[in-house]
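User: I would like to learn how to read contacts, cores, ring pairs and sheets in a model. Please take them one at a time.
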Amino acid sequence: LKAAESPKVGTPLMNGNKSPGLDLYKEVVGSPDSGGSPNPVSPVNAAKHLVPKLTKRGYDVYPPMADLESMSEAELATVRGFKVERPGFGSVAWDGAVDVREVDIDVEVVIESKNVSVYDEAETIGNKPEQGSKLNRPAVI
């Protein structure tokens, strides 16, 4: 398809299926068929500056950091199966697609013996994301 022939948001694609990610992509990155200069963060360009931060020893993340580092902004805004784990202590896995752009896992997620907290410090200082956004959403511990 040429840019001018791109399907509009919410319209059926060539195979007859709708693209649920296209609406979110448009919201996060911008319309792929809008005129003007191209967006510097396209679905094919990695958005390294938006990758979540995880440097704490003993913590693992899924998808692995290497995979997250290769994702575009739109992909980082809709990560499915996102999980933070501390082997021997526990894990927290979020339901559905999660926006992990610029999340500082080192600060925001704490997994200790018989305790898992998310945004504990942010809540104390009144900087917790609104319910339903980022990691402030339903999860399984």
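User: Which residues is Leu 135 in contact with, leaving aside its neighbours within four places in sequence?

Analyst: Contact means heavy atoms within 4.5 Å. Leu 135 is in contact with Phe 82, Trp 94, Val 98, Val 100, Val 103, Val 109, Val 118 and Tyr 119, its neighbours within four places in sequence being left aside. This is a predicted model, where local features need pLDDT of at least 70, side-chain atom pairs count only at pLDDT 80 or more, and totals for chains, interfaces and linings use all residues. Residues are numbered from 1 along each chain as its sequence is written, and side-chain values use heavy atoms, with hydrogens and water left out.

User: Which residues touch the most other members of the largest nonpolar core?

Analyst: A nonpolar core is a set of buried Ala, Val, Leu, Ile, Met, Phe, Trp, Tyr and Cys residues joined through side-chain atoms within 4.5 Å. Buried means under 20% relative accessible area, exposed over 50%, and partly exposed in between, with a 1.4 Å probe and protein chains only. Here the largest core has 24 residues, of which Leu 68, Phe 82, Val 84 and Leu 135 touch the most other members. Helix H2 (65-69), S4 and S6 are the elements that give two or more residues to this core. Helices (H or I, at least four residues) and strands (E, at least two) are DSSP runs, numbered from the N terminus.

User: How many aromatic pairs does a search of the whole structure find?

Analyst: A pair of aromatic rings is described by the distance of the centres and the angle of the planes. Rings of Phe, Tyr and Trp (its six-membered ring) pair if their centres lie within 6.5 Å; planes under 30 degrees apart count as stacked, over 60 as edge-to-face and the rest as tilted. The search finds 1 pair. Phe 82 and Trp 94 form this tilted pair, at 5.5 Å centre to centre with 35° between the planes. Phe 82 lies in the loop between strand S2 (79-80) and strand S3 (83-86) and Trp 94 in strand S4, so the pair ties together parts 12 residues apart in sequence. Both Phe 82 and Trp 94 are buried.

User: What is the strand order of the open sheet?

Analyst: Two strands pair if DSSP finds at least two bridges between them. The open sheet of 4 strands has the order S1-S3-S4-S8, with antiparallel pairing. Strand S1 (60-62) and strand S8 (139-140) each have a single partner strand, so one side of each is left without a neighbour in the sheet. Between strand S4 (residues 90-94) and S8 there are 2 bridges, and Ala 93 stands opposite Val 140 in S8.
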